[in-house]
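Subject: Structure handover

Hello,

Here is the structure I promised to pass on. Please open it alongside this email; my notes follow below.

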Amino acid sequence: MARTRARIIDRYLFRETLETWAGVTGVLLLILLASRFAFYLGDAASGRLPGSAVFTLLGLSVVNYLTLIIPLGLFLATWVTWYIQGVA
């Protein structure tokens, strides 16, 4: 009986952490991509970058940023979930 309760609590905390991680990672990614998009758009407007390369560079930036955002998002999601649940 106690193992069943522990599994239910573990699944609940995992689900809450996963949902929070997805939200945090999405928001951080949007913020960084909006910043990069403005930078690339400024370069394209000044002629230093072809206009057709803006979205290509933005797509390549996603891969670079995800390597930083995924661990940070997981840390923040774990911290927020445990803090909200009163575990910490």
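Start with serine 61. Leaving aside its neighbours within four places in sequence, serine 61 is in contact with Arg36 and Tyr40. Serine 61 sits in helix α2. Its relative accessible area is 8%, so it counts as buried, the limit being under 20%. Its two contact partners also meet each other. Arginine 36 lies over the face of tyrosine 40, 5.4 Å from the ring centre.

Before going further, a caution: this is a predicted model.

Overall layout

The protein has 2 helices and 0 strands. Helix α1 covers residues 2–46. Helix α2 covers residues 54–85. The C-alpha atoms fill a box of roughly 70 × 20 × 15 Å along the principal axes. The radius of gyration is 19 Å, whereas a compact globule of 88 residues would have one near 12 Å. Of the 88 residues, 20% count as buried. Among contacts with a separation of 6 or more, 68% are between residues 24 or more positions apart.

Helix α2

This helix is not straight. A kink of about 40° is centred on leucine 66. Which residues of α2 are buried? They are Val54, Leu58, Ser61, Tyr65, Ile69, Gly73, Ala77 and Thr81. Serine 61, described above, is one of them. After α2 comes glycine 86, with a positive phi near 80°.

Glycine 73 is on the buried list for α2. Glycine 26 lies in helix α1. How far apart are the C-alpha atoms of glycine 26 and glycine 73? The separation is 8.9 Å, although the two are 47 residues apart along the chain. Glycine 26 has 29% relative accessibility, so it counts as partly exposed: that class runs between the 20% and 50% limits.

The salt bridge

How many salt bridges does a search of the whole structure find? The search finds 1. Side chains of opposite charge can pair when their charged atoms come close. Here the side chains of arginine 48 and aspartate 43 meet, at 2.9 Å from N to O. Is arginine 48 buried or exposed? Arginine 48 is exposed, with a relative accessible area of 63%. Aspartate 43 is buried, with a relative accessible area of 14%. Aspartate 43 belongs to helix α1. Leaving aside its neighbours within four places in sequence, aspartate 43 is in contact with Arg48 and Leu49.

Aromatic pairs

The count comes to 3 aromatic pairs. One of them is formed by tryptophan 79 and tyrosine 83, and it is stacked. The ring centres are 5.6 Å apart, with 15° between the planes. Both residues lie in helix α2. Tryptophan 79 and tyrosine 83 are 4 residues apart, about one turn of the helix. Are these two buried or exposed? Both tryptophan 79 and tyrosine 83 are exposed.

Where to look

- The kink in α2, centred on leucine 66.
- Serine 61 with Arg36 and Tyr40.
- Glycine 26 and glycine 73, with C-alpha atoms 8.9 Å apart.
- The salt bridge of arginine 48 and aspartate 43.
- The stacked pair of tryptophan 79 and tyrosine 83.

Best wishes

Conventions. Residues are numbered from 1 along each chain as its sequence is written. Side-chain values use heavy atoms; hydrogens and water are left out. The bend at a residue is the angle between axes fitted to the seven residues ending there and the seven starting there. Buried means under 20% relative accessible area, exposed over 50%, partly exposed in between (1.4 Å probe, protein chains only). A salt bridge is a side-chain nitrogen of Lys or Arg within 4 Å of a carboxyl oxygen of Asp or Glu. Rings of Phe, Tyr and Trp (its six-membered ring) pair if their centres lie within 6.5 Å; planes under 30 degrees apart count as stacked, over 60 as edge-to-face and the rest as tilted. A charge sits over a ring if NZ of Lys or CZ of Arg is within 6 Å of the ring centre and within 35 degrees of the ring normal. The radius of gyration is taken over C-alpha atoms; the globule rule is 2.2 Å times the number of residues to the power 0.38. Contact means heavy atoms within 4.5 Å.
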